[in-house]
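Try each task before reading its solution.

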Amino acid sequence: MSLKVPKANNLQLFKEGYKHLQGLDEAVLRNIQAVNELSDLVRTSFGRNKLLINHLGRLFVTSDAATIIREIEVVHPAAKLLVMASQAQEAEMGDATNMVLILGGELLKKAENLLIMGLHPSEVIKGYELASAKAQSELEKLSTFNLPTPLTHDTLASALKPAIASKQYGYEDILANLVAEAALTVMPANPKNFNVDNVRVVKIMGGNLSGSKVVQGMVFGREPEGNCTIKKVLKGKVAVFTTALDIAQTETKGTVLIHNADEMLNFTTGEEKQLEKIFKEIADSGVKVIIAGSSVGELALHYLNRFGVAVLKVLSKFELRRLCRVVNATPLARVGAPTPEEAGFVDVFETTEIGGDRVTVLRQLQPGEPGFDPTSPGEKTRTSTIVLRGATANHLDDLERAIDDGVNVIKSLIKDPRLVPGAGATELELAKRVDIYGSGLKGLSQHAVKKFANALEVIPRTLAENAMGGAEGNEVISRLWAKHEQKGGESWGVDIEEETDGTLQADQHRIYDSLAAKSWAIKLATEAANSILSVDSIIMSKPAGGPKVPQQAGNWDADD
């Protein structure tokens, strides 16, 4: 005879307000549905722009997936996992963030069919891990071209064009040349030490993109301070101050009793003489340019103008740090003459006009320029600035994002110079090889491996559909499959201009993608999809809330 223990009907495990979702329908399929919505949202941005208005009312017109997911606030926990994977891709490679979102969403969409048919999520996860490992190993074999060393302007520009064209189609030639020129200007002797922070962008409204140029040095969208008569300095010492250039304020308050007019005139003389003495010391030390990181007083400007010293105010700490690299100066927290080691040197400090805007340029002369002196103390400039011209602020912002992607691609190609065919050719070839690998497996995981292969097809399919529409896109994918089945057909990809039958050989048209970026994207998309599939229940606590807003009291005479 067994003892029967009665069960409590209303056993409360969590506090009131908690949500607990579990099981295939409530947790897993719901998560997949949320991720699919996010994936479908960014899928059309392969070549098409989105118009976003963020919570602050700022407007964005962009096709950059990193910007889209940063500005839309995703709250669903499963979708957030995919967002975090794409942010990891942005931090690691700076490119192919959209591929992570699209591939991750497609992997979950294919997994949904297997789960409904009765496969356990652990079988699907095992299959996806096997397929991802196979795709990584096959990807290594598909590299057909390496970025040649030493780097030249033409090879670097041609490697950048596909990455920039994905953001700014039609402007890739101009932008790739600008980025290549700017990067080679600041490229150190050992390219692996290349710093993406050394390429700046300054946006000036007006004109068009063809008026953009690279300035070897730094450009600031402002003139020197005050009614400064010094607009140009050649081969001058530079002092950088992070503190305010003004009369020091006392910490205590006091009362001064003045008896006559002479005492009133002499009251401020002591401070003025002290300030004059400090700036005379600075001018006597040979300083011709002062960069101020804080406020500059009227009296300080008066003396500096008298001594013929130009003053430029730079309030951003990041810009100040970059500027110190350009002029090779040490930022000072005290007001006084810099020592020879602390002072910097600049070949040219000038105020010029670009499209109606007055800008200040600081740069070092390059070998071959008139006036270049090999014995000059100024080093080769460590920062270059791309001056962008455009009609609207939104367009300039999007051009800047494309340039950022281009600079990040250079950094990743210096780490790993291997390139694979672009235009969706690599993904389709991987899909074919992973599918063949899945057919030779035993057990239930083979179904997940084949679904992984189907999911890889989403990249060329999306490219074809966005360029030509759904019906024509399907025909192009069928033609691509036929060409990839032939010997030596690994490089056939989507021709978005549809000059022939919608297909082209990517390597002949010099359309290449970074192997490292592709490898990271596949790895991160698979990890994100597996993380979401491994979730079997969601427990959400009640959101923390502050005190409630007090209700307004009604009129005393109002009826209840």
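Two strands pair if DSSP finds at least two bridges between them; strands (E, at least two residues) and helices (H or I, at least four) are DSSP runs, numbered from the N terminus. This is a predicted model, in which local features need pLDDT of at least 70, side-chain atom pairs count only at pLDDT 80 or more, and totals for chains, interfaces and linings use all residues. Residues are numbered from 1 along each chain as its sequence is written, and side-chain values use heavy atoms, with hydrogens and water left out.

**Exercise 1.** Find the residue opposite Val214, then work out the sheet around it.

*Solution.* Start with the residue: Val214 faces Ile386 in β13. Next, the strands: β13 (residues 384-390) and β6 are antiparallel partners, joined over three bridges. Then widen the view: the order β5-β13-β6 makes an open sheet of three strands with mixed pairing. β5 (199-205) and β6 (213-215) are at the edges with a single partner strand each, so one side of each has no neighbour in the sheet. From one strand to the next, the twist averages 30°.

**Exercise 2.** Which strands does helix α7 lie across, and which does helix α12?

*Solution.* Contact means heavy atoms within 4.5 Å. Axes are lines fitted to C-alpha atoms, for helices over the stretch in contact, and angles run from 0 to 180 degrees between N-to-C directions. Helix α7 (residues 172-186) lies across β5, β6 and β13, at about 160° to β13. Helix α12 (residues 393-415) lies across β5 and β13, at about 165° to β5.
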